[in-house]
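Dear colleague,

I am handing over the structure below, together with notes on what was found in it. Please read the notes alongside the coordinates.

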Amino acid sequence: MTETKGATVSVAVEDGIAMVTVDNPPVNAISQAIRQGLIDAMAEINGNPEVAAAIIIGAGRYFMAGADVREFDKPALPPSLPEAIASIESSEKPVVAAIHGVALGGGLEVALGCHYRIVDPGAKLGLPEVALGIIPGSGGTQRLPRLIGFAKALDLISSGRQAGAGEAAEMGLVDAVAEGELAAAAMDFIRQRIGAAPPRLSAIDAPAPESQDFFETARRRLARRARGQESIVRALDALEAATLPFDQGAKREREIFNELRGSDQAKALRHAFFAERAVAKVAALDGAKPREVASIGVVGGGTMGAGIAVASLRAGYQVTMVEASTDALTRGLGNVEKNLDGYVSRGRMSEETKAGLMAEFTGAVDYGALGPADLIIEAVFEDMAVKKDVFAKLDAVAKPGAVLATNTSYLDIDEIAAATNRPGDVIGLHFFAPAHIMRLLEIIRAASTTPDVVATGFAVGRRLGKVGVLAGICDGFIGNRISAKFRQQAYAMIEDGALPWEVDAAMEAFGMAMGPFRVMDLSGLDITWAMRKRQAPTRDPRERYVAIADRICEAGWLGQKTGRGWYVYEDGKPSPNADAESIIIEESEKKGIARRPFTAQEIQDRILYAMINEGAKIVEEGIAQRPLDVDMVEIMGYGFPRWRGGPMCAADIIGLDQVLGKIRDYAREDAFYWAPAPLLQRLVADGKTFSDLNGG
Ligand code: T1G
């Protein structure tokens, strides 16, 4: 067996079959060295008369995770991936891709350049490039429709989703699913094809699109879904070019890829990609080991408690739910069952799986049932006295070493911890409704929380499929504190002349999943009303106070749950609440404000800059570790468009000097609200950006 070791691509020849192994830990990202290594390997194979066929396989956990995303911030380095793929496809000797783990992006494009594909049963394949603000730029939009047709190709490319081995085989994306060891199966597979003309996707035409108006219909649908993200729509342009001869189509694809590669959206989405991983790197933990958690107790069976219980059951934990009474417990257990039935009815869970999860779930009204739990999460009514009473009871029954977590969204966790004799074991785990779906988890470290308890929060969060972000203690932690600031700005604008539906329309055009007034109607106006009343005694007299929202609540209009709030709801459909508009006009008149129109751009700027300014203060106070933590909270928990990278990334892209200039302009109208964050002023003075504070 002769073996030559490339930089990260090695070739080992055995019985006339060359095994090309791509090895670039941890995910076999396709760096410049791998692209060159593939070309060199193919040259060696085609120049070696002993070799009759080749297999391309990945070392470690994955086939290939796609292009090395870290290269995108720098000028492209030759050779290009299309060149490397062409060197595979043009080989006269048949080449099979042996795929395990994942073949994503350029990894799948390499596999499409191979003549055949065989996958491990657990493998997943996809073209997730749109999630990075780009498109498959190495033949993916051209070869894929030639293999599986336009409709299936469009689904994979525009969604960026991963297809499992079975689905891939069914749609013809792969030629075989390996039985037994992958390399051996690939050997048998390719040996049977020695001598046959190697099939080349670039040599055939794509089948006709599934319908005459396929692209036109797809364009309309994708534009709506993209909510401003260019890459999704541009991917369709590239796909449409697959109706041309391959070389023309590939040229068009590369042009679009290169246009997007340097775009602000691609920069922002790359930032989000790396930030989503960086948030788990918490300096304060320095190696603290998480405690073992196998069983979780949940106190409270309301919306949040039931959501937390379902997320925990689905993550494989045993769950015990405790409620204050048998009736409340019955309701809580019903809420859990309803959530699980939702998965079953959507075909995302079998009845057997549901039954298995329910077998791991028990309910009780006696706190003693929580004794064995490794972690107990309190999700009761947002009232300090109630929470302190719960924690005193937990302190009495929980086993030594159990982690005691509160799901509070703004109350002082130091005060809650003081209700126990084990403040070091107390932490905040702030879930977002619906808790079994929203990915954000604010992990709030109280003054006495020990590092291993924080590490436990991150470990459990990861297992629950959440993106855990460390937060310090202040009113609203990171997300709700920023929301309170931009709600204040939204209230000020409707008192000055805008209308709620104009603000919502502007922010949805900005890319937010839902405008602030629609969000308030959804969660209930009484929640923020209670917050304003709680804060009233300590409110700074210099703060402009807009009473409009209070008047809406006093009228009993609490949002969707009462059929009316900022909007009126008929069959769940919102329409502007004309009575709310009358109150708004009245309040402006009361203050002698001459109402004026607001453009969508001004609405977007004022709300974005309010978020940036507050985010800078949150970082400066150490409530968030880095600007990227603020970005992740906003993207994962508050519908901030991922293709803008979060408010702090958006600020860097706008330019901090311009952001500070605008905030100073606004401060001339309201010096107290718009006081520029000292950190922002320092960064501008030093010519630095928020990303300079994000670490390596
Ligand atoms: N490039 C560079 N680094 C990457 C990477 C990539 N493609 N994928 C992962 N990493 C890093 C990641 O930042 C982390 O680093 C470590 O690897 C482990 O990742 C040419 C142009 C493969 C499913 O979008 O989906 O191909 O934090 O924690 O949970 O047309 O990583 O340890 O320093 O996520 O086991 C398209 C992205 C690229 C795939 C593994 N490909 N990656 O998940 O590990 S564009 C993607 C993933 C492209 C072509 C176009 C996942 C994974 P650190 P991890 P994991």
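In which sense do strand β19 and strand β20 pair, and over how many bridges? Strand β19 (residues 567–570) and strand β20 (residues 573–576) run antiparallel to each other and are joined over 4 bridges, where two strands count as paired if DSSP finds at least two bridges between them. Tyr567 stands opposite Pro576 in β20, and the hairpin that the two strands form has 2 residues between them, with Asp571 in the turn taking a positive phi of about 50 degrees.

Before going further, please bear in mind that this is a predicted model, in which local features need pLDDT of at least 70 and side-chain atom pairs count only at pLDDT 80 or more, whereas totals for chains, interfaces and linings use all residues. Residues are numbered from 1 along each chain as its sequence is written, and side-chain values use heavy atoms, with hydrogens and water left out.

As to the whole protein, the secondary structure comes to 28 helices and 20 strands, which are DSSP runs numbered from the N terminus (helices H or I, at least four residues; strands E, at least two). The radius of gyration is 28 Å, close to the 26 Å that the globule rule gives for 696 residues, so the protein is as compact as a globular protein of that length; the radius is taken over C-alpha atoms, and the rule is 2.2 Å times the number of residues to the power 0.38. Along its principal axes the C-alpha trace spans about 85 × 60 × 55 Å. Of the 696 residues, 56% are buried, meaning under 20% relative accessible area, with exposed over 50% and partly exposed in between (1.4 Å probe, protein chains only).

Helix α26 (residues 647–654) is largely enclosed by the rest of the structure, because 6 of its 8 residues are buried. These are Pro647, Met648, Cys649, Ala650, Ala651 and Asp652, and the buried residues of α26 pack against α11 (264–278), α24 (600–620), α25 (627–638) and α27 (656–667), a contact being heavy atoms within 4.5 Å. Just after α26, Gly655 takes a positive phi of about 110 degrees.

Finally, Asn339 lies in helix α13 (residues 326–345) and counts as buried at 17% relative accessibility. Leaving aside residues up to four places away in sequence, Asn339 touches Ala306, Gly307, Val310 and His436.

With best regards
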